[in-house]
Amino acid sequence: MIGLLLLVPLAGMLISIFLPARLSKYWAAAVSAATALLSVQLLRTGATAERMPWIPSLGVDYHVAADGISLLMLVLTTVMTLLAILASFESVKDRVKEFYALLLLLESAMLGVFVAQDFVLFFVFFEFSLVPMYFLIGLWGGERRLYAAIKFFLYTLSGSVFLLLGIIALYLKSGARTFDAATLLAAPLDPVTAQWVFWAFFLAFAIKVPMFPLHTWLPDAHTEAPTAGSVILAGVMLKMGTYGFLRFSLPLLPQAGHAREIVTVLGVLSIIAILYGALVSLMQKDWKRLVAYSSVSHLGFCTLGLFSLNASGISGSVLQQVNHGISTGLLFLIVGIVYERRHTRVIADFGGLAHAMPNMSVIFAIAMLSSAGLPLLNGFVGEFAILNGAYQANALWAYWSVPGVVLGAAYLLWLYQRTMLGPAQEVNARLQDLTVREWLTVLPLVAWAISIGVYPKPYFDLIAPGVKAALEALHRS
Amino acid sequence: MAESQQLWLIPALPLLGFLINSTVGRKMSKQFVSFIAIASVVASFLWVAKTLNALGALDQPHVEHYFTWIASGTFSVGFDFSVDRLTSIMLLVVTGIGSLIHIYATGYMAHEGGYYRFFAYLNLFMFFMLILVLAANFLLLFVGWEGVGLCSYLLIGFYFLEKSAGDAGKKAFIVNRVGDFGFSLAMFLVFINFGSLDFGTVFGKAATLQPEHSAGMITAICLLLLVGAAGKSAQIPLYVWLPDAMAGPTPVSALIHAATMVTAGVYMVCRSSSLFNNAPLAMETVAIVGTATAFFAATMGLAQNDIKKVFAYSTVSQLGYMFLGAGVGAYSAGIFHVVTHAFFKALLFLGAGSVIMACHHEQDMRWYGGLRKKIPVTFGTLCCAWVAIAGIPPFSGYHSKDAILLAAYEHARPLFWIGALTAAMTAFYVSRAMFLTFFGEYRGPNPHPDHGHGGHDDHAHGDDHAAHGHDAHAHKDHGHGHQEIKESPAVMTIPLVILALLSLGGGFFNIPDWLEPVLGSSHAEHDPTAVAVLYATFIVGIGLAYVMYVLSPSLPDKLASSFKGLHTLIYNKYFVDEVYDVTIVHPITEGSRYFLWKGVDAGLIDGAVNGAGSVSRWLGGTLRHLQGGNIRSYATWVAAGAVFVVLAMSVWGGVR
């Protein structure tokens, strides 16, 4: 089943090359819808692991499996891809065939990241997600797309080099002739090597998340990417970093020297990201850039939860990764919807949109409140679990990061006021409200946000076994 | 376990009203929208009445568990509702006053745009407020707490075309979030120490704790809770949002910013009384914060010209009394004052709304005068609120305020004297508002073709904008032609009359006795000196106002010019908003813009990134080939990187 899930978008991409360009978008939508249904089906039935030799001489296997955490990430990926494709129907006009083919390729790669159990396989998927995104930004992006694409590429590629370095070191040092992740991570290491490998992995994933101070590719990439690119970047790709932390970095901690100091450093970096991202967000003049910086802050919460190293923090973090995908995905979709009408992202060009586009302003309000962590919407639950975990790990962490919640409300409400409220300027007064297609792109996320907010227990239940396993690995010594 | 009372219906009914009005309301008639809005709240009130009737004496809390909301590790919180004697009072006040204000609002908002939106928000507010009072654990209370804050934000900003309304809404939300900082941390601390957020569990354990081991922890929890309460209930130093909140429509001011939501902080403190009782230091802080707020807000109320601002500062001040009550251990007196205040302050605001409507959305009292004959029902009912808030026996405010102040007399003599002085000021500013509005000669514009605000000279001062703003836009067609001052329609005056009766007689509900099993006794000795002082307060307050605003109307201006500094200070509310701007808001915004964003982000980090200069350019040159689709070069790069890494490791790392 997992293999099928990975194959469907890939096959869809290959077939799309032979289809006429005017059908591309419908084909891509159909393929991604099928993939989404498949992932939901997997979520319901559970997934069985698949394993076969790939490069036997090196001990590389095709080995995929999915626990609850992976399944959740798979569903997030397929849903976000489907919506990203739907959102691009009108806005992408040139090189249409390539655009949708790249999105499908990207989907396969991202799905692979969340199921790979073999380091080489993981690395391949991790890298392969980079290329389509590079092209999406570089070819269909905004004015400074080239700068943004190259910056994104350089940053992430340097991270990948460290990831590769870490994997090879682990392979060589452990003496196990396999790239099986579980085996390698469980193999005894001396503290110095473990620490070096930890930092190598850390760099790769920290750039992907991104953690302060490695985040500056993100505002450019998010801002310049086409809507589909921003939605997928924020919704899924950043989570490849946090997912990597959870699966591959945390298990190394018990063996690494100075683990306690390392965790303290990472906690502090997370808090800096939370506050710094929020403060910088506050002063942005570009709508999309503001949302981009808010991601730095929100991902700070996610990493803070992870490095709390307790059940509440880690499960909150995993849930919040999904939540961030939903709320920030929504925010980017809205920016895209407005951009298609006005072709500007400068906040000062707006105001009074609530009057011209009342339905859109309601959806934007829900997205904003979900992002700001209002109870009964998704963001609150994750944030609360994370902060609760952080408090248990180190009370000071909670004291320092809760102001991020206050600032979160500040930059979002201010954005809302400047774009939606007040009198409408002439150019904005007669904009068309949401079309049926646009409703279709936003409604699933709104429904998802409310359902997680009102009844998050099934998600916690789904996440729990993976979190338990991670904690057991942490406390094994 | 008693049989289920379907408590969930109490909040679910207004939620249903919200869902109907928010989805189809825009296309429906105003009658339909009004019907849904009122019916859902009245039905909720009736369900409360039925439930309380069935539950009887409520010697034990009645708890209903619906589902487990969050469960992760050892952390588990249920979606549980609970009704005890304290909840019963709050339920009746919220749904009862809520019903009256919904009815009134159908008259007040009859000519406004966004009618369906207004009532949808109002119903949503009822939903969250009822969750807040029904919640059986801290986290669910917090859900209601945040939810009412959201509705407050939406309704303050209801006239969203006005920037001032948007500003005020945003300010309210953010200041409340600062309070929530404390509330959240308090919850984490409670969970760590008690292993639960459930009221029953936490308070049960708190009662058995050894004070010597737990005092510090409990004090920390209570102080953090106080930060939360100070945000929601507009106490020093977080009161600044409430006066600005008057930018919302007047029924909102009455319901949310006087009768219900702003008392949530008091409710929360009283709800946690078994924690506070173990933290004397926190209780003292509550009492001092309450007294200081009561006093300073009253002084600010003395010099306001906007009728809603006067009542807004009055609300802040009265909330201070409630905190004083809780702080000196007279929790039930505090809740008693919550109830009577809900009656008379809702009435004051609704009456003010009636005056404002009669005067074509003029809110400046200097343009009122002599209205008592023109709007007699409004005048008569407002008089009932007047005697209630001024503390004249036997009307409602007298009973509750004196219960608080007499308790303060026993426990903290200085606080009693400040409280008494505040009571005199209260009587003064309310009397001033009444005299300016209803007595003397009408000072407003005579029927005049262009009645507008440009004509008034010194009247458009900064913060007055907030309250005035909307009529410039929302009521453009008012103020032309029909200038006669008319009494409000019956849908508005009937709620006024009911509230007037409650304001007069509400003091005879024996709420402290009813609450004694939950909150302890707050019965205080009726010390003759104290009682005499309290009688003196309203006599002095009303008398002074009578002299200044009826007998010798030129006196206030003379006083203002001879105590110019003091008057400026009070009139500008001690410049607290300005101080917050300079010390908090500006450093944050400017620091973020110039230091963090332009400095650290764009300068330092990106500078370093770009400054990997030659390397970057060289790589950039190579990578540009990718645009042509040369994926092989990328693959080469990864491979080359891998080779480099392995080589590097074998050189430095001593592989094997």
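Buried area is the accessible area (1.4 Å probe) that two parts lose on being put together, summed over both. This tour begins with that quantity and then moves through the two chains.

**Before starting**

The structure is a predicted model, in which local features need pLDDT of at least 70 and side-chain atom pairs count only at pLDDT 80 or more, while totals for chains, interfaces and linings use all residues. Residues are numbered from 1 along each chain as its sequence is written, chains are lettered from A and ligands numbered from 1 in the order in which they are written, and side-chain values use heavy atoms, with hydrogens and water left out.

**Stop 1: the interface**

Select chain A and chain B together. Between them they bury about 6,500 Å², of which 74% is on carbon and sulfur atoms. A contact means heavy atoms within 4.5 Å; on this rule, 79 residues of chain A and 68 residues of chain B take part.

How many salt bridges are there between chain B and chain A? The count is 0, where a salt bridge is a side-chain nitrogen of Lys or Arg within 4 Å of a carboxyl oxygen of Asp or Glu. Polar contacts are present, however: 15 residue pairs across the interface qualify, both residues being at pLDDT 80 or more. A polar contact is a pair of N or O atoms within 3.5 Å; within protein, one must be able to donate a hydrogen and the other to accept it, and residues adjacent in sequence count only if both atoms are side-chain atoms.

Next, colour chain B by helix and strand. These elements are DSSP runs numbered from the N terminus, with helices (H or I) of at least four residues and strands (E) of at least two. Which element supplies the largest share of the side of chain B that touches chain A? It is H6(B), with 15 residues.

**Stop 2: chain B as a whole**

Of its 656 residues, 60% are buried; buried means under 20% relative accessible area, exposed over 50%, and partly exposed in between (1.4 Å probe, protein chains only). Among contacts in chain B between residues at least 6 apart in sequence, 82% join residues at least 24 apart. The chain exposes about 24,100 Å², with carbon and sulfur atoms supplying 68% of it; accessible areas come from the Shrake-Rupley method with a 1.4 Å probe, and for residues only the protein chains shown count as cover.

**Stop 3**

Select Asp59(B) and Arg85(B). They form a salt bridge whose closest N and O atoms are 3.5 Å apart. Asp59(B) lies in the loop between helix H2 (30-55) and strand E1 (62-72), and Arg85(B) in helix H3 (residues 85-108), so the pair ties together parts that are 26 residues apart in sequence. Asp59(B) is exposed, at 63% relative accessible area, whereas Arg85(B) is buried, at 11%.

Move to Asp364(B), in the loop between helix H15 (331-358) and helix H16 (376-390). Is this residue buried or exposed? Asp364(B) is buried, with a relative accessible area of 1%. Its side chain reaches the backbone nitrogen of Arg366(B) at 2.8 Å.

Then select Leu559(B), Phe563(B), Leu566(B), Leu569(B), Phe575(B) and Val579(B), which make a nonpolar surface patch of about 510 Å². Patches are made of residues with over 30% relative accessible area and no salt bridge: like charges are joined within 9 Å, and nonpolar side chains (Val, Leu, Ile, Met, Phe, Trp, Tyr) within 5 Å. Val579(B) lies in helix H25 (residues 576-611) and counts as partly exposed because its relative accessibility is 42%.

**Stop 4: chain A**

Select Arg289(A) and Asp220(A), whose side chains meet in a salt bridge (3.4 Å, N to O). Arg289(A) lies in helix H13 (residues 287-307) and Asp220(A) in helix H10 (residues 217-224), so the pair ties together parts that are 69 residues apart in sequence. Both Arg289(A) and Asp220(A) are buried.

Finally, select Asp286(A), in the loop between helix H12 (259-282) and H13 of chain A. Asp286(A) counts as buried, at 15% relative accessibility. A polar atom of its side chain lies 2.8 Å from the backbone nitrogen of Lys288(A). Not counting residues up to four places away in sequence, Asp286(A) touches Thr223(A), Arg345(A) and Ile347(A).
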